[in-house]
Amino acid sequence: MAEHTGPGTRDVAIVAFGQTDHRRTSDELSEVEMLMPVLHEVLAATGLKTSDIGFTCSGSSDYLAGRAFSFTMALDGVGAWPPISESHVEMDGAWALYEAWVKLQTGEADTALVYSYGKSSPGSVRDVLTRQLDPYYLAPLWPDSVALAALQAQALIDAGDTDEPALAGVAARSRDAARANSRAQLGGSVPQGDYVVRPLRTGDCPPIGDGAAAVILAAGERARELCARPAWIRGIDHRIEAHSLGVRDLTDSPSTRLAAERAGAFLRPVDTAELHAPFTSQEIVLRKALRLGDEVTVNPSGGALTANPVMAAGLIRLGEAAARVHRGASDRALAHATSGPCLQQNLVAVLEGDPR
Amino acid sequence: MSNAPRHSGKEPVAVVGIGQTKHVAARRDVSIAGLVREAAQRALLDAELTWADIDAVVIGKAPDFFEGVMMPELYLADALGAVGKPMLRVHTAGSVGGSTALVAANLVAGRVHGTVLTLAFEKQSESNAMWGLSLPVPFQQPLLAGAGGFFAPHVRAYMRRTGAPDSVGSLVAYKDRRNALKNPFAHLHEHDITLEKVQAAPMLWDPIRYSETCPSSDGACAMVLTDRAGAARSPRPPAWMHGGAMRSEPTMFAGKDFVSPQAGKDCAADVYRQAGISDPRREIDAVEMYVPFSWYEPMWLENLGFAAEGEGWKLTESGVTELDGDLPVNMSGGVLSTNPIGASGMIRFAEAALQVRGQAGEHQVAGARRALGHAYGGGSQFFSMWLVGAQPPTT
């Protein structure tokens with residue numbers, strides 16, 4: 001087994017991944033009802049029961065659910081009886097996976113269940129996300145997520161890093177890839193459409209929808225018992241940038257680059273990258289920061305441009321990358337998750353399969 | 001880190017810096033960023049470290065509705081010196097302050113980072129927490145009017161089950177409010193408090209009187225956690241973590257014991273096992289436990305194994321939990337005197353650490369060697385605890 005390239009001293013792998021069908025609405029389902037089949041899917045894949053799991057960690061947002069402590073009802077669905085060792089981050093599930101990875105590093109647990117979910121359909125997610133901006137200087141202006149991404153896209157165009165046809169190309173490639181992903185919300189030939197916020201057109205933006213995902217982590221030999229080809233986490237790291245867009249270079253993502261360095265992503269080439277880029281323009285930024293060439297298969301799942309359940313879309317990138325390692329479609333994959341306006345916070349993991 | 005040698009076992013975790021704000025009803029003089037930075041800077045000052053010495057930041061708070069900011073850690077990254085660093089945001093209901101400290105401790109214990117800043121806060125004056133907790137949710141049991149409406153029936157169940165006299169709750173409130181007078185950071189400083197005044201206060205959620213409930217506070221608490229090498233450089237005595245655990249159980253289910261939840265018992269048992277404690281009543285010198293309504297002191301004394309079932313109220317009534325008793329509880333004045341909700345758990349953890357560092361000032365328990373910090377949340381379903389000692393752990 002290859003040596004670790006980043007912090008952490010224990011071999012930990014993703015051994016199972018499950019996700020819902022991502023849909024525009026799920027009116028007939030509560031968050032718990034949406035989540036339950038996914039939890040059962042990953043447990044069944046490994047043959048584990050809830051009581052076998054050493055640590056459970058989830059990611060979700062009260063602001064999406066429209067109520068305080070929304071994660072408590074999801075916990076009821078997990079079946080936390082007898083009581084379980086459990087935690088929750090108010091972040092994308094990718095960071096819940098990170099917390100679980102840290103827990104496994106301490107040796108206090110050998111397995112972990114990680115899940116996250118988000119229903120954007122009950123509200124206007126563009127408006128909701130304005131509430132995560134600086135509450136004194138920015139949020140009162142209600143700049144929405146598409147408008148902020150458009151600022152970033154325009155900065156890229158002005159810098160000569162991309163143009164509208166190139167962005168349309170990212171959209172087309174992603175939707176074409178999603179033809180092979182039965183879970184995706186949007187696939188096939190999707191028209192670029194009109195401007196939503198110039199220079200971003202409908203096709204440059206992610207679909208709005210509901211969904212959930214779950215992953216099981218296991219350490220050492222336990223991973224080999226649970227999965228024929230575990231996706232070993234060779235390195236994982238995350239970094240945050242300043243919040244104010246005015247002090248950032250929106251055409252670059254230094255936090256992604258630093259996280260990738262710390263995760264050992266640049267030590268050897270990856271064959272696959274699952275990037276959490278809800279907007280076409282953000283893929284341009286991430287490819288640059290991660291130095292990904294045309295030889296790397298980017299977002300074979302279709303990525304967040306084809307299914308973007310907020311709070312779960314990052315975890316899904318890790319899960320999709322791991323699933324490709326599981327089935328032998330990748331030997332070394334990079335997975336990325338993001339949070340905050342214009343890629344403010346970024347996580348990078350490097351996953352590898354055992355040599356075949 | 002790429003050539004770091006592999007170790008077996010966990011890295012010992014030390015608390016080398018603690019900072020709190022003066023907790024008050026409304027900090028109108030500072031922004032949310034200003035509030036958290038104040039606590040963080042005090043923790044750094046205590047540890048004699050700078051922002052550059054911090055490898056990662058772990059922040060916690062209760063529901064985002066309490067300030068009306070979604071995922072506020074994004075906006076707080078600058079104020080907490082986190083730019084270019086990892087930043088995690090924990091939310092586990094009322095236990096979050098404790099859980100946040102434990103997540104930070106794991107980063108050190110798992111040798112992912114050497115020195116971590118952890119912080120929890122609430123700026124309750126930005127909104128109204130009681131109604132923030134009471135948003136109607138279709139097809140789910142309402143929480144009624146805030147947390148008190150939820151917990152009062154469970155207090156009544158405890159009284160019925162144990163036959164405890166009605167006065168026990170008022171004794172807890174009277175003790176905690178007097179302890180708060182010795183803690184300069186406490187929110188409530190009721191210099192003219194008497195037991196008669198506590199007992200004459202209006203009934204709010206029967207059997208809980210207004211005087212037996214926690215206040216709404218603005219405040220933040222921060223700690224610097226580090227490894228053995230960091231502790232060796234500490235200018236002041238560190239507090240060493242001897243055990244830490246979280247446990248969760250569902251909100252409601254047939255057979256749930258709201259008076260003494262199994263998750264609380266299991267969590268305490270895990271911490272005692274890690275710390276090698278077999279008789280908590282004898283081996284633990286001081287306890288900071290999460291008591292938002294007075295009666296939770298006797299209830300948790302039983303749940304945490306300090307008293308046999310049905311006997312917790314007798315410890316309170318006989319003065320055992322007073323500052324000069326043989327098992328002092330909530331020396332700082334507790335949640336009953338200070339409640340910035342998301343920070344309340346971390347304040348318990350930090351106050352336990354202050355005791356074993358010998359730095360609790362006027363509310364110091366003489367010779368405290370081992371202290372327990374405890375937090376709970378949700379419908380008595382989320383628990384987080386740690387046990388800290390003046391000496392490094394031996395195992």
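Predicted model: local features only at pLDDT ≥ 70, side-chain atom pairs only at ≥ 80, totals over all residues.
**Helices α1 and α3 of chain A**
- Helix α1 covers residues 31-46 and helix α3 covers residues 71-78; their axes come within 9 Å and cross at roughly 40°.
- The two helices are therefore oblique to each other.
- On the α1(A) side, E31(A), V32(A), L35(A), M36(A) and L39(A) make the contact, and on the α3(A) side M73(A), A74(A), D76(A), G77(A) and V78(A) do.
- Sorted by type, the contact residues are 7 nonpolar, 1 polar and 2 charged.

**Helices α3 and α14 of chain B**
- Here helix α3 (residues 96-109) packs against helix α14 (residues 341-357) at about 60°, with the axes 5 Å apart.
- That angle makes α3(B) oblique to α14(B).
- Among the residues that meet are G97(B) and G98(B) from α3(B), and G342(B) and G345(B) from α14(B).
- This contact splits into 6 nonpolar, 6 polar and 1 charged.

**Strand β11 of chain A and its partners**
- All 8 of the 8 residues in β11(A), residues 332-339, are buried, so the strand is largely enclosed by the rest of the structure.
- One side has R332(A), L334(A), H336(A) and T338(A), the other A333(A), A335(A), A337(A) and S339(A), and both faces are covered.
- Strand β9 (residues 272-274) pairs with β11(A) in the parallel sense over 3 bridges, with E274(A) partnering A335(A).
- Strand β12 (residues 345-352) pairs with β11(A) in the antiparallel sense over 8 bridges, and A337(A) has L347(A) as its bridge partner.
- β11(A) and β12(A) form a hairpin with 5 residues between them, and G340(A) in the turn has a positive phi of about 85°.

Methods:
Residues numbered from 1 in each chain as written. Chains lettered and ligands numbered in written order. Axes fitted to C-alpha atoms, helices over the stretch in contact; angles between N-to-C directions. Helix = DSSP H or I, 4+ residues; strand = E, 2+ residues; numbered from the N terminus. Parallel < 35°, antiparallel > 145°, perpendicular 65-115°, else oblique. Contact = placed C-beta atoms within 7 Å. Nonpolar A, V, L, I, M, F, W, Y, C, P; charged D, E, K, R; others polar. Buried ≥ 20, exposed ≤ 12 C-beta atoms within 10 Å, placed from the backbone. Pairing = 2+ DSSP bridges.
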